[in-house]
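Hi everyone, thanks for coming.

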Amino acid sequence: MSATHFMAVMLIGVIVANILKEYFSKISETFILIGVGLLISFLPGFRHFELEPDFFMMMIIAPLMFFEGSKISLKSVRKNIKGIFFLSITLAIITVLLVAFLTSHIMNSWIFALAICFAAIVTPTDSAAVKSIIAGKQMPVGVNEAVEFESLFNDATGLVLLSLGLSVLESGHFNLWQGIGQFAFVAIGGIVIGLIAGSILIRIRMGINLRATRPEATIIPISLLTPFFIYLLAEHLGTSGILAVVAAGLVHNFEADVLKLTSTNVQLTNQTIWEIISDMLNNFVFILLGVSLVGIAEILWNLGLMRALTLFLVSVLVYLLMLFIRKFWTYKRGVQALDHFFSDDRDVRSKETTVFALSGAHGTVTLAMAFSLPINSAIISTQNRELMITMAAIVIVLSLVVPTLILPRLLPAARSQNHSNINDMREAMVDFAIINMSQKDMTPQIRNSLIKQLQSQKGLQIPDHKKSQVLMDQIIQEQTDFLKSDEVTAHFSARAIEYFSEYFIGRKRSPLFRFKKRKKRTYETENVDYNELVLLRDDLMGLEKNLYEHSMQTLEELEKTRLAQKEMEFSDIEEVKRILESRHHRTRNEIQEDAQIPEEFLIEAFQLEYQFIIEKVNDGSISKELSNKLFKEINNAQVLQLQREN
């Protein structure tokens with residue numbers, strides 16, 4: 001299967017999953033993505049699919065870890081360094097040792113070093129899976145920080161311990177000090193390489209920022225390549241590539257603190273691109289998990305019922321043991337490094353540590369580590385490799401299903417604004433700007449274009465065609481009456497007036513929705529002088545212009561009346577205007593264009609929207625969360641509009 005085919009199928013899978021989320025909002029996004037992966041596994045090329053660990057770690061996990069690291073400040077890491085050490089290293093090592101002790105006694109064919117390898121595989125946690133599970137629920141701030149920090153660093157701990165276990169299996173002996181030295185070299189070396197390489201790349205990027213005319217053309221590609229370069233460099237030097245990219249991400253967060261409001265276009269563009277890539281890669285992770293589960297199910301099926309049931313029960317015991325370790329490790333009070341994350345109150349802390357224990361969900365990193373086990377009978381037999389992969393998959397599924405059933409019951413609902421309330425406030429904000437801008441001195445054409453632009457912030461508005469039909473009939477009646485007025489009969493020929501009566505307005509038929517075939521009327525032209533035809537054409541063009549201007553003026557007056565009455569429904573007026581403008585420009589063989597809106601009017605309109613939201617925040621009408629969403633919408637609309645104008 002080619003890389004192009006693989007990427008195309010994965011992207012289609014992401015699209016399908018995102019569509020399904022809208023229809024099955026009560027189902028966790030994680031399970032929808034896994035379900036899509038299960039369906040993909042039946043496609044040709046994906047049957048008997050096995051994750052390529054090196055590809056997966058470099059192409060998916062490395063950029064994800066880099067982006068996650070870039071969202072956390074170095075100050076926060078320094079402040080919580082002891083807590084991070086206790087959760088990501090000490091807790092991980094304790095978990096590995098106890099799980100290895102359990103499995104080595106239950107699985108008779110497993111020596112302790114082999115059990116260490118399995119325990120290291122099931123140690124890494126995945127905070128992205130937890131976020132999907134608790135969507136709509138409010139996790140305590142401290143617990144959320146603990147889960148984030150643990151997930152960010154314990155992947156590397158598991159990978160280093162797995163590497164250590166495999167080296168013991170290969171060599172046949174274990175030296176404690178040598179093992180500690182190897183662990184320190186791989187972990188600390190990865191961090192140092194990430195910090196140094198990340199700092200050098202930041203120097204380069206900041207130099208480009210100061211000198212280049214279009215820095216984003218160079219800086220953004222450098223940013224996208226950074227995690228791959230640093231991961232490969234660290235792995236080549238025998239250190240942890242994952243810790244290296246996390247450290248580089250932390251350094252890049254520091255760059256944003258230094259730049260502050262410098263090079264805002266570069267920072268905004270880079271942040272947006274990375275957010276999109278991160279979302280897609282997170283989706284890839286769970287789709288790949290679903291794809292891989294089918295092959296694992298086949299292994300389980302081939303084991304037979306009794307052996308499969310035994311394997312399942314052992315996996316359940318492993319999962320329960322890890323829950324107990326996580327709960328016990330964080331429940332004990334007096335550990336200053338952990339007290340920052342959890343409450344001092346006994347009852348509250350008990351609940352928070354239970355939430356933390358259940359939040360240790362596992363994902364595709366665990367599965368990738370399992371598939372990375374060597375296919376070499378001299379180190380690990382094929383049978384034991386299959387057993388470890390299958391047990392790891394069962395632990396992953398348990399760690400996703402159990403929290404899905406329990407966590408929503410333990411956590412309160414998140415404070416969120418009702419969707420209709422957001423829409424109502426957005427419409428009120430836009431209406432406020434339109435009413436105030438309509439009082440400014442500007443041409444009707446510019447006013448129409450400005451109102452149309454501001455109205456588009458409300459989203460796609462489907463006009464009420466019945467209401468538009470009524471308005472169109474009124475305009476046609478006014479056109480009919482206007483043709484009979486002295487203003488028209490005194491300046492235009494009877495033949496031109498008859499032409500419009502027959503072809504443009506005949507029998508008050510609306511051009512909006514009625515497309516009945518009309519009988520074509522012909523005129524005798526053999527005996528008509530050419531000059532007379534020219535005069536008739538000029539007469540028709542002049543009369544059409546008068547009809548157009550009269551109708552548009554009528555619609556302008558109607559629009560002003562509605563604005564004065566603070567009635568902000570203009571969809572029928574816009575639809576009728578669009579038809580009249582189309583006819584007017586088509587008659588003259590002209591290209592229809594909206595009037596150019598001066599930048600100062602756009603800026604003033606957006607400032608009015610800012611003012612409206614600030615007033616609503618000050619009087620307590622809306623929450624800080626909603627105001628931030630609307631501020632972001634205004635800012636994005638302003639940037640987009642001004643970019644188009646330029």
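I'll go through the aromatic pairs, then the salt bridges, then one threonine.

First, some housekeeping: this is a predicted model, where local features need pLDDT of at least 70, side-chain atom pairs count only at pLDDT 80 or more, and totals for chains, interfaces and linings use all residues. Residues are numbered from 1 along each chain as its sequence is written, and side-chain values use heavy atoms, with hydrogens and water left out.

Okay, rings. Searching the whole structure turns up 12 aromatic pairs; Phe, Tyr and Trp rings (the six-membered one for Trp) pair if their centres lie within 6.5 Å, and we say stacked for planes under 30 degrees apart, edge-to-face for over 60 and tilted for the rest. Take Phe66 and Trp274: a tilted pair, 5.4 Å centre to centre, with 50° between the planes. Phe66 is in helix H3 and Trp274 in helix H12, so the pair ties together parts 208 residues apart in sequence. Helices here are DSSP runs of H or I, at least four residues, numbered from the N terminus. Phe66 is buried at 3% relative accessibility, and Trp274 is buried too, at 4%. Buried means under 20% relative accessible area, exposed over 50%, and partly exposed in between, using a 1.4 Å probe and protein chains only.

Now look at Phe324 and Phe328. Their ring centres are 6.1 Å apart and the planes sit at 15°, so that pair is stacked. Both lie in helix H13, four residues apart, about one turn of the helix. Phe324 is exposed, at 54%.

On to charges. There are eight salt bridges in the whole structure, meaning a side-chain nitrogen of Lys or Arg within 4 Å of a carboxyl oxygen of Asp or Glu. In one of them, Lys131 meets Glu148 at 2.9 Å, N to O. Lys131 belongs to helix H7 and Glu148 to helix H8, so this pair ties together parts 17 residues apart in sequence. Lys131 is partly exposed at 39%, while Glu148 is buried at 17%.

Last stop: where is Thr239? Look in the loop between helix H10 and helix H11. Thr239 is buried, at 5%. Leaving aside neighbours within four places in sequence, the contacts of Thr239 (heavy atoms within 4.5 Å) include Phe185, Val186 and Ile193. The Thr239 side chain also reaches the backbone oxygen of Ala234 at 2.9 Å.

Notes: Helix = DSSP H or I, 4+ residues; strand = E, 2+ residues; numbered from the N terminus. Polar contact = N/O pair within 3.5 Å; in protein donor to acceptor, adjacent residues only side chain to side chain.
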